[in-house]
Amino acid sequence: EYDVVESAEFETAGDFGADERIPPVVAVVGRPNVGKSTLVNRILGRREAVVEDVPGVTRDRVAYDAEWSGRRLTVVDTGGWLPDAAGLAAAIAEQARMAVDLADVVLFVVDATVGATDVDEAVVDILRRSGKPVLLVANKVDDAATELEAAALWSLGIGEPHPVSALHGRGSGDLLDAVLEALPEPPPPVQTAEGGPRRVALLGRPNVGKSSLLNKLAREDRVVVDDVAGTTRDPVDELIELGGRTWRFIDTAGIRRRYRENQGADFYATLRTQSALERAEVAVVLIDASQSLAEQDLRIISMVIESGRALVLAYNKWDLLDEERRYYLEREIDRQLHNARWAPRVNISAYTGRHVDKLVPALDTALEGWGHRVPTAKLNQFFAELVAAHPHPIRGGKQPRVLFATQAGVRPPRFVLFTTGFLEEGYRRFIERRLREEFGFPGTPVEISMRIRE
Ligand code: GDP
Ligand code: GDP
């Protein structure tokens with residue numbers, strides 16, 4: 001049997017190199033009661049309340065979206081980790097190691113009114129050896145008089161103490177400025193979709209009805225707004241008005257041009273599909289419903305999924321179907337297209353015009369799923385529940401855990417799981433299934449990758 005999606009959908013990143021798409025991770029480390037949660041709240045601007053907690057009790061949410069000076073950050077409160085580790089010092093040390101592995105910058109919080117303790121000094125050792133940027137936060141500096149005590153923390157030997165009152169906000173802006181300075185330069189902004197009409201690629205093997213559908217669409221609405229011709233960049237697109245909006249159909253010249261039936265035809269068709277996908281946001285894959293699903297249909301669907309574009313499946317030539325074929329078609333779809341089950345489906349006839357008007361709602365659905373973003377707080381609540389109810393199976397005495405997750409991007413939605421070990425494929429598929437059940441994502445592939453702390 002043909003596996004439509006392959007495992008390319010899940011790219012795994014085992015190293016901790018800078019992944020441009022993940023907002024930098026800022027981990028907050030320190031002994032209990034030094035004010036980590038309060039500081040996280042302060043950084044978030046109290047947009048999301050961190051759960052009130054008793055020391056030693058697991059917090060079910062650890063990662064939060066934050067923004068400072070226009071830069072997105074993921075703030076991780078490590079206070080919730082390892083509540084059951086043997087002894088405070090061991091727990092904090094382990095927490096610090098995790099933070100160092102996962103974070104781009106570590107905020108090491110010390111209670112300035114208490115001063116440096118032995119545990120603090122042990123943590124400093126770990127942090128210093130990591131080579132990661134560390135900012136020393138001298139917390140509970142509520143007034144100028146306490147600044148002296150903050151200065152005493154120079155003795156820890158990891159640089160300048162940043163005096164802050166997490167509770168009142170004093171110094172927190174300066175601290176965040178310092179965080180941004182410690183981060184690597186932000187990558188150039190990812191190429192966002194150009195404005196203008198949404199870009200649609202009409203794909204499918206020869207004779208499924210692409211040019212018929214194109215003609216129908218252009219004629220039905222009578223408005224071929226423009227034939228974009230002659231420019232080197234977009235030599236072959238057509239702007240078509242559908243549902244009151246203009247859409248850019250990519251490479252319509254390639255659809256209308258008939259391919260000669262020679263040995264290279266397949267190769268050129270693949271190239272054409274590839275280059276149309278590169279420029280498209282959403283693909284409509286036409287399938288001839290009157291015939292059995294061909295390997296070429298599946299290959300085109302795989303190409304769309306791998307390109308990370310939104311997908312609509314259009315079963316054409318519906319006018320040719322009888323009861324029996326309809327029955328077998330459903331079974332075929334169930335059996336062979338299970339990996340694209342999330343794609344909206346329309347059953348159309350380019351010949352009679354049946355349900356051609358359903359195409360626009362399907363495109364809208366797919367594009368919406370493609371651009372959907374789940375707030376990190378919601379995501380982590382979801383993962384906390386999921387992992388508690390369905391932990392990863394134990395392998396070789398170890399049980400990888402999802403520490404937190406973040407949505408690194410949209411178009412398509414991309415998730416990064418920060419884990420304590422490699423999540424096996426079955427578990428990742430389970431996660432994707434549950435993510436879709438919870439948050440939808442119709443019409444779009446979803447990428448899940450891992451950052452593993454070995
Ligand atoms: P965590 O265990 O490190 O997360 O510490 P919390 O954020 O729960 O704070 C512990 C206690 O210290 C709470 O009672 C906070 O209100 C208090 N606290 C936190 N930051 C400050 C601060 O800047 N000044 C003062 N005076 N108290 C603070
Ligand atoms: P393309 O190669 O994908 O562009 O396919 P065409 O649009 O050239 O269509 C191939 C053949 O299928 C032509 O003979 C069309 O008339 C026929 N065709 C296309 N759509 C339909 C449809 O919905 N119903 C029926 N019965 N025939 C269709």
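Predicted model: local features only at pLDDT ≥ 70, side-chain atom pairs only at ≥ 80, totals over all residues.
Residues are numbered from 1 along each chain as its sequence is written, while chains are lettered from A and ligands numbered from 1 in the order in which they are written.

**The chain overall**

- The chain holds 13 helices and 16 strands; helices (H or I, at least four residues) and strands (E, at least two) are DSSP runs, numbered from the N terminus.
- Of its 454 residues, 39% are buried. Here a residue is buried if 20 or more other C-beta atoms lie within 10 Å of its own, exposed if 12 or fewer, and partly exposed in between, with C-beta atoms placed from the backbone.
- Take the contacts between residues at least 6 apart in sequence: 73% of them join residues at least 24 apart. Two residues are in contact if their C-beta atoms, placed from the backbone, lie within 7 Å.

**The six-stranded sheet**

- An open sheet of 6 strands runs in the order β2-β3-β1-β4-β5-β6, with mixed pairing. Two strands pair if DSSP finds at least two bridges between them.
- β2 (63-68) and β6 (161-163) are the edge strands, each with a single partner, so one side of each has no neighbour in the sheet.
- On average, neighbouring strands of this sheet are turned by 30 degrees against each other, direction ignored. Axes are lines fitted to C-alpha atoms, for helices over the stretch in contact, and angles run from 0 to 180 degrees between N-to-C directions.
- Back to the opening pair: β5 (residues 134-139) and β6 run parallel and are joined by 3 bridges.

- β1 (25-29) is mostly covered, as 5 of its 5 residues are buried.
- In a regular strand the side chains alternate between the two faces of the sheet.
- Val25, Ala27 and Val29 point one way from β1, Val26 and Val28 point the other way, and all are buried.
- With β3, β1 runs parallel through 4 bridges, and valine 26 has valine 75 as its bridge partner there.
- With β4, β1 again pairs in the parallel sense over 4 bridges; alanine 27 stands opposite valine 106 in β4.

**Helices against the sheet**

- Helix α2 (residues 88-102) lies across β1, β3 (71-77) and β4 (105-111), and runs at about 165 degrees to β1.
- Helix α5 (residues 172-182) packs on the sheet as well, touching β1, β2, β3, β4, β5 and β6, and its direction makes about 170 degrees with that of β5.
- The buried residues of α2 are Ile92, Gln95, Ala96, Met98, Ala99, Val100 and Leu102. Their cover includes β1, β3, β4, α3 (118-130), β15 (414-419) and β16 (447-452).
- At 1.5 Å a residue, the 15 residues of α2 should span 21 Å, and this agrees with its end C-alpha atoms, which are 21 Å apart. The expected span is 1.5 Å times one less than the number of residues.

**Around the two ligands**

- Ligand 1 is surrounded by 16 residues, and the closest are Gly35, Lys36, Ser37, Thr38 and Leu167. A residue is near a molecule or strand if its C-beta atom, placed from the backbone, lies within 6 Å of it.
- Helix α1 (residues 36-44) supplies the largest share of this shell, 3 residues.
- The shell around ligand 1 has 5 nonpolar, 8 polar and 3 charged residues. Ala, Val, Leu, Ile, Met, Phe, Trp, Tyr, Cys and Pro count as nonpolar, Asp, Glu, Lys and Arg as charged, and the others, Gly among them, as polar.
- Ligand 2 also has 16 residues around it, of which Gly209, Lys210, Ser211, Ser212 and Tyr351 come nearest.
- Helix α6 (residues 210-220) gives the most to the shell around ligand 2, with 3 residues, and that shell divides into 6 nonpolar, 7 polar and 3 charged.

**Strand β11**

- β11 (residues 282-288) is mostly covered, with 6 of its 7 residues buried.
- β7 (residues 198-203) runs parallel to β11, joined by 4 bridges, and leucine 202 is partnered by valine 284 in β11.
- β12 (residues 310-316) is also parallel to β11, with 7 bridges; valine 282 has alanine 310 as its bridge partner in β12.
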